[in-house]
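Work through the exercises below with the sequence and the structure open. Try each task before reading its solution.

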Amino acid sequence: MILMKDIVRDGDPVLRKVAAPVAFPLNKEDHQLAKDMMGYLINSQDPEIAQKHQLRAGVGLAAPQVGRSIKMAAVLVPDNDGNIVLQEILCNPVITRESVRPAALAEGEGCLSVDEDVPGYVVRHDRITIRYQDINGDKKILRLKDYPAIVCQHEIDHLNGHLFYDHIDKKHPFNIDPDAVIVK
Ligand SMILES: CNC(=O)c1cccc(C)c1Nc1nc(N2CCN(c3ccccc3Cl)CC2)nc(N2CSC[C@H]2C(=O)NC)n1
Ligand code: NI
């Protein structure tokens, strides 16, 4: 079971590396890691388990955040009614299309690897197309918008050594294109 003590924090160089592609079939270690990362998200979204183990809630977790510099991330995204709208292990994900139209979470972004709040709009693309391989190595395409799109951009950033606050305008953190979608 992954706990907060297993999560690497900002300042560790592994978070700034470009992670290595994963090879298929996944070896036993990486297959188990994928399961454990999804398990963390499931546990962190359960109030009782999260409280018991002091887990910070998350909808995404990338392998570099647990010290493994490989291109693998887990996403578990519920809608505002708590229904799961996206549950996937993204291996070797590539964003192949991105909208000109920007989007940002109204409340800013948090990250399990960044302990302090960094206020401001994290400017991303409202719509993206992702090519990736699932845990079995099958090639998939995802077309996403709004919250799930923002989450996947956040996690794919981790695989390329970027952190959310890299996208905040330092001088004017709450400036954003008037055309942007502000995601509640
Ligand atoms: C500084 N202001 C803020 O953080 C912030 C502040 C308010 C609102 C939002 C929306 C904010 N922003 C933000 N909130 C989240 N959660 C909302 C709560 N939720 C959750 C919590 C409990 C049970 C189940 C669940 Cl589902 C877990 C996810 N997650 C992310 N991110 C950025 S993309 C990757 C994703 C991530 O998993 N981060 C750890 N950002
Ligand atoms: Ni993060």
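The model is a predicted one.

**Exercise 1. Surroundings of Glu155**

Task: Find which residues Glu155 touches, not counting residues up to four places away in sequence. Then decide whether Glu155 is buried or exposed.

Solution: 
- Step 1. Glu155 touches Gly60, Leu61, Ala62, Gln65, Ala73 and Val75 once residues up to four places away in sequence are set aside.
- Step 2. Locate Glu155 in the chain: the residue belongs to helix H3, residues 146–159.
- Step 3. The relative accessible area of Glu155 is 4%. Buried means under 20%, so Glu155 is buried.
- Step 4. Compare with the record: an unreviewed UniProt entry lists Glu155 under "active site".

**Exercise 2. The nickel ion**

Task: Name the protein donors of the nickel ion (ligand 2) and give their spacing along the chain.

Solution: 
- Step 1. The protein donors are Cys111 through SG, His154 through NE2 and His158 through NE2. They lie 2.1 to 2.3 Å from the nickel ion.
- Step 2. Along the chain, the donors of the nickel ion follow the pattern C-x42-H-x3-H.
- Step 3. His154 and His158 are both buried.

**Exercise 3. Ligand 1**

Task: State how many residues surround ligand 1, and find which backbone atoms make polar contacts with ligand 1.

Solution: 
- Step 1. Ligand 1 is surrounded by 16 residues, the closest being Gly58, Val59, Glu107, Gly108 and Gly110.
- Step 2. Look at oxygen atoms of ligand 1. A polar backbone atom of Val59 is 2.8 Å from an oxygen atom of the ligand, and a backbone N or O atom of Gly60 lies 3.5 Å from an oxygen atom of the ligand.
- Step 3. Look at nitrogen. A nitrogen atom of ligand 1 is 3.0 Å from a polar backbone atom of Gly110.
- Step 4. Taken alone, ligand 1 exposes 800 Å², and the protein buries 70% of that.

**Exercise 4. Gln133 and Asn92**

Task: Find the polar contacts of the Gln133 side chain, then examine the phi angle of Asn92.

Solution: 
- Step 1. Gln133 lies in strand S6, residues 127–133. Its relative accessibility is 15%, so Gln133 counts as buried.
- Step 2. The Gln133 side chain makes a polar contact with the side chain of Asn92 at 3.1 Å. The Gln133 side chain also reaches the backbone oxygen of Gly137, at 3.1 Å.
- Step 3. Asn92 is part of strand S3, residues 84–98, and is buried, with a relative accessible area of 16%.
- Step 4. Most residues other than glycine have a negative phi. Asn92 is not a glycine, yet its phi is positive, near 50°.

**Exercise 5. Two backbone details**

Task: Determine whether the peptide bond from Phe24 to Pro25 is cis or trans, and whether the phi of Gln54 is positive or negative.

Solution: 
- Step 1. The omega angle from Phe24 to Pro25 is near -5°, and the bond is cis. Pro25 lies in the segment before helix H1 (28–44).
- Step 2. Gln54 has a positive phi of about 55°. Gln54 sits in the loop between helix H2 (47–53) and strand S1 (60–62).
- Step 3. At 55% relative accessibility, Gln54 passes the cut-off of over 50% and therefore counts as exposed.

Key:
Residues are numbered from 1 along each chain as its sequence is written. Chains are lettered from A and ligands numbered from 1 in the order in which they are written. This is a predicted model: local features need pLDDT of at least 70, side-chain atom pairs count only at pLDDT 80 or more; totals for chains, interfaces and linings use all residues. Side-chain values use heavy atoms; hydrogens and water are left out. UniProt positions are given in the numbering used here, feature names are shortened, and annotations may be inferred rather than shown by experiment. Helices (H or I, at least four residues) and strands (E, at least two) are DSSP runs, numbered from the N terminus. Buried means under 20% relative accessible area, exposed over 50%, partly exposed in between (1.4 Å probe, protein chains only). Contact means heavy atoms within 4.5 Å. Donors are N, O and S atoms within 2.8 Å of the metal (3.2 Å for Na, K and Ca); water is not among the atoms, so sites may look incomplete. A residue is near a molecule or strand if one of its heavy atoms lies within 4 Å of it. A polar contact is a pair of N or O atoms within 3.5 Å; within protein, one must be able to donate a hydrogen and the other to accept it, and residues adjacent in sequence count only if both atoms are side-chain atoms. Accessible areas come from the Shrake-Rupley method with a 1.4 Å probe; for residues, only the protein chains shown count as cover.
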